[in-house]
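Let's take a walk through a protein model together. Keep the structure open beside you as you read, and look up each residue when it comes along.

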Amino acid sequence: MLDRIKGGLFGVAVGDALGATTEFMSAEEVRERYGKVTDIMGCGYFDLLPGEVTDDTAMTIAVAKGIIQSPDNPIPAIGEEFLRWYDTKPKDVGTIIRTVFSIYNGDWFDAAIKACEKLKGRCAGNGSLMRCLPIALAYADKEKMEEITIWHSRMTHADDKATEACLIYNRIAFRLLQGESLSDAIFQEIAHTRYEPMLTEAPSCLPDGYVVHTMSWVLHWLLRCESFEDVVISATNMGEDSDTVAAIAGGLKGLEAGYEQLPRRFVEKIRCGGELENLATQLMHVRNE
């Protein structure tokens, strides 16, 4: 179980660090500049160091810390961790989340609703999906896991499409932790949803920050790539919101593979690796309580 939990957290971080190099580029621009990105090299839009991560991993860490501090009711603690992270003036903060933070005055759910109004309803971003995996890792009780997944998404994203994607994602992760295969888990959870066409079709959209587009590409790579390496490299070389797509897909594929099966050349470059290892151990303790 610890190997799987570590695999999930490192899967997010590796996808994030790999995909950050090509974020905001088109697939054609990626090919012209790099040929094909196959290793963690940093640089990119935010001029990162190799192995440095963006908001995808940072907010995933914040969610994990909040759960560890207060497993029974983690939402307030998660919020405190979000603010602590934001106070570090990170390089990469999504538009929706930045808007929520600018409005927040003690009530996350009210701030999310007001931010959605301010953004004229354009609040179905992928910012809650990218950080939700620790919830599935920490809670063995499915009802509790789903309840926290919903409220955690609504802290910043007042759109049911964001909540829906988080629930589908964490239900897939929950099944993986029960020993199901990734393909079976995906099939069970996307049947009769808006994502069912991904079983047989490639997405007809760009892998951008709209949560439906992001989730469609995540499912596409997970269903069509055999190895963890193939998943995160494929997502990276599509560009657009590549760090987030690779992080989200990498989380599930890493969870399936387990930490020991992840490529060492990726894992050893992750600068927050020690913190992720500690969080994995603590999340497992929460799960076993």
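Let's start with Thr54, which counts as buried because its relative accessibility is 6% (buried means under 20% relative accessible area, exposed over 50%, and partly exposed in between, using a 1.4 Å probe and protein chains only). Before going on, a word on the model: it is predicted, so local features need pLDDT of at least 70 and side-chain atom pairs count only at pLDDT 80 or more, while totals for chains, interfaces and linings use all residues. Residues are numbered from 1 along each chain as its sequence is written, and side-chain values use heavy atoms, with hydrogens and water left out.

Where does Thr54 lie? You'll find Thr54 in the loop between helix 2 (27-34) and helix 3 (55-69). Helices here are DSSP runs of H or I with at least four residues, numbered from the N terminus. Skipping residues up to four places away in sequence, Thr54 touches Asp16, Ala20, Leu48, Asp92 and Asp243, where a contact means heavy atoms within 4.5 Å. The side chain of Thr54 also makes a polar contact with the side chain of Asp55, at 3.3 Å. (A polar contact is a pair of N or O atoms within 3.5 Å; within protein, one must be able to donate a hydrogen and the other to accept it, and residues adjacent in sequence count only if both atoms are side-chain atoms.)

Now for the record. An unreviewed UniProt entry lists Thr54, Asp55, Asp56, Asp241, Asp243 and Thr244 under "binding site"; such positions are given in the numbering used here, feature names are shortened, and annotations may be inferred rather than shown by experiment. These residues are spread over 191 residues of sequence, yet they cluster in space, with a largest C-alpha distance of 12.1 Å. Of these residues, Asp55, Asp56, Asp241, Asp243 and Thr244 are included in the lining of the largest pocket. (On a 1 Å grid over the protein atoms alone, a pocket is an open set of points where a 1.4 Å probe fits, with protein on both sides within 12 Å along at least five of seven lines; lining residues have an atom within 4 Å of a point.)

Asp241 from that list sits in the loop between helix 12 (228-236) and helix 13 (242-257). Is Asp241 buried or exposed? Asp241 counts as buried, at 11% relative accessibility. A 2.8 Å polar contact joins its side chain to that of Asn126.

Over to Phe10, in helix 1 (residues 2-19). Phe10 is buried because its relative accessible area is 1%. Phe10 and Leu276 are 266 residues apart in sequence, but 7.0 Å apart in space, C-alpha to C-alpha.

Last stop: salt bridges. How many salt bridges are there? The count comes to 15, with a salt bridge being a side-chain nitrogen of Lys or Arg within 4 Å of a carboxyl oxygen of Asp or Glu. Here are some of them:

| Salt bridge | Closest N and O atoms |
|---|---|
| Glu164 and Arg194 | 2.7 Å |
| Glu180 and Arg175 | 3.0 Å |
| Arg265 and Glu229 | 2.8 Å |

Arg265 is partly exposed at 33% relative accessibility, and Glu229 is partly exposed at 27%. Both belong to a network of salt bridges that links Asp39, Glu229, Arg265 and Lys269.

Conventions. Helices (H or I, at least four residues) and strands (E, at least two) are DSSP runs, numbered from the N terminus.
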